[in-house]
Amino acid sequence: MGNRSPIIVTENLTKHYGPVVAVQDLNLEIYEGEVFGLLGPNGAGKTTTILMLLGLTEPTSGRALVAGLDPTRNALAVKRLVGYLPDNVGFYDDLTAKENLLYTGRLNQIPEAELEQRIKTALEQVGLADHGDRKVREFSRGMRQRLGIADLIVKDPRIFILDEPTLGIDPEGVRELLDLIVRLSREKGKTILISSHLLHQIQQICDRVGIFVAGRLLAVGPLDTLGRQVMAGKPLEIELQVEPFNHDLLEVFRSLEGVDRVESQGPYIRLRCAKGKDIRPQLTGLLAERKVSILHLRARGHDLDDIYLEYFQGEGRI
Amino acid sequence: MKEWQAKLKEFINWWREAFSSSGGLKVIFLKELADNLSSTRMGILFSLVAVACLSALYVAAQSIRQSVGQEGTSFVFLRLFTTSGGSLPPFISFLSFLGPLLGLALGFDAINGEYNKRTLSRLLAQPIYRDDVINGKFLAGIAVLAIMIATLGLLVAGLGLVFIGVPPRGEEIGRMLAYLIVSIIYVAFWLSVSLLFSLLFRQAATSALAGIAVWLFFAIFAPMLAGIIADGLFPVTDESPPELVLRNAVWKQNLSRLSPTTLYDEATLYLLNPGIRTLGPVLIQQVIGAIPGFLPLSQSLLLIWPHLVGLIAGTLIIFALAYYYFMRQEIRTS
């Protein structure tokens, strides 16, 4: 990312709703062309942050810059650059999918002749080409979400902001949607900001993530460094599934040097190492000697779920 | 030299950005217009009003045919609007009573509907000014109301011609057009009321009910209330001095003029009855020496000038409130 310049910058961005703190001193840099995941539980202030980036809500203090423009002063210019897919997007039910897209296209001053073509391509890209003339009333949740993406593709902004895009869609739909988002980023070089509380869905496609809890940004970075940051100074936990399993194994693990605690949980065995120790190298040899094969081995703390959980526990909430 | 040029350029750019139209107003206006005109709700309401008004016209035409021999043909065309026959009230009463319903129906879910459909945040994220949304909706509403009222008025005029066979004179046409314009302003007032309610209440049903409550209050209870207050301030008995009676009457009238419905009713009465010179209390000595006759249109317009200004001001004040509220409102989807 070194050679890229930040396209979205926030400086001590703060928003209070009366006594309620929605966002506190947010400092964030998002670079051109990256997929950035803003992760946090519901009510963490993600949507508020997005609304401030769009100039739809004024910050209490601090400021945001989108492509060098302040959204509160240059709202129109910013809105031309940014496409926004709101959380649980809505459409005019009485209009057809095409008419809905036409309306947004016209609001964006796209010339009529070009608009037709863009709508056709966009509907094809999201797989709704056959449903363009149906009323949106008949659309399922997933179809609406895809229509929302088509809406953005028609607008063709530099920055896509997607608020909870995968919420309420079935797994297959989620996969297609994420594919689409990745394509937008990789093929067209769009900057994409996704807010979500569904970690494992988002972690597959994000270049960097920011963890956002109770209005504060707790950590930012690529997933692996984030994991290291969080787990630094914390004992390593190993999750293990073996075949064949017998309870003697637990005793063997317990007797290993550097193992603090062993417990079995369902099909899994959990080993907690002493601080600074990693027994994984010994483990494989040990099990191979006993003709026990490893079905599953995972060092906890290196994917988003653990990082997320760790942070919430740190904040005293889940 | 260079510096001030750069500054000038910057200023011009700023000016352009700040004052040029985003083009959003026109797009929103056209979309709202199409929505309103094609909606079932409008179809039902317009049919209701049209049926009521046309039956009033028919009855009026019948009774004019019978009475035209005794009353002469002066302003017979305007009498189409004001004559009641049998059990049916005249056209103007129908329009005065049902017109507000048209205005309320167009606006009661204008903004909260967008909230509930979750389209508002998507709409406002487009490169348009925020006020384009509320202006576009208001203007589209007025356009639809104007179309409907003009249609009704001209329909009545045309059918009236067929029924009574007396062509209108220029002044009668002028009075009728003035009447239609005042009617449009009046329903625009109710449109702005319903627009305000659609901002104040998140539920469309609540805002519709609030609108209907205000409408019924002004149409039915406000005149009664004015009477009660005036009687309370200046109790009148049979032996009261004339001064007190007069004061009571003036207060009663002025209080009831706080209601836009009264303003509209009085304005239309003046417009469609050229013989009416005043609706307030008249003393005998004021009438002595007066020659009964018809007022020219300009004089009638002069009489309703305060009413007109009051109606327009009321519409604008309420729209300004809605505008202010809309611009200040937080856009939260959930």
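This is a predicted model: local features need pLDDT of at least 70, side-chain atom pairs count only at pLDDT 80 or more; totals for chains, interfaces and linings use all residues.
Local features require pLDDT of at least 70, side-chain atom pairs count only at pLDDT 80 or more, and totals for chains, interfaces and linings use all residues. Residues are numbered from 1 along each chain as its sequence is written, and chains are lettered from A in the order in which they are written.

Chain A contains an open sheet of three strands in the order 2-1-4, with antiparallel pairing. Strands (E, at least two residues) and helices (H or I, at least four residues) are DSSP runs numbered from the N terminus, and two strands pair if DSSP finds at least two bridges between them. Strand 2 (20-31) and strand 4 (61-66) of chain A each have a single partner strand, so one side of each lacks a neighbour in the sheet. Strand 1 (residues 6-17) of chain A pairs with strand 2 of chain A over eight bridges in the antiparallel sense; Leu13(A) has Leu26(A) in strand 2 as its bridge partner.

Chain B comprises 14 helices and zero strands. Its C-alpha atoms fill a box of roughly 80 × 50 × 50 Å along the principal axes. Of the 334 residues of chain B, 38% count as buried, that is, with 20 or more other C-beta atoms within 10 Å of their own, C-beta atoms being placed from the backbone.

Where the chains meet, 22 residues of chain A and 20 residues of chain B take part in the contact, defined by C-beta atoms, placed from the backbone, within 7 Å. Helix 1 (46-54), helix 2 (75-81) and helix 3 (97-107) of chain A each supply at least two residues to the side of chain A that touches chain B. Helix 3 of chain A gives the largest share, four residues.

Technical notes:
Two residues are in contact if their C-beta atoms, placed from the backbone, lie within 7 Å. A residue is buried if 20 or more other C-beta atoms lie within 10 Å of its own, exposed if 12 or fewer, and partly exposed in between; C-beta atoms are placed from the backbone.
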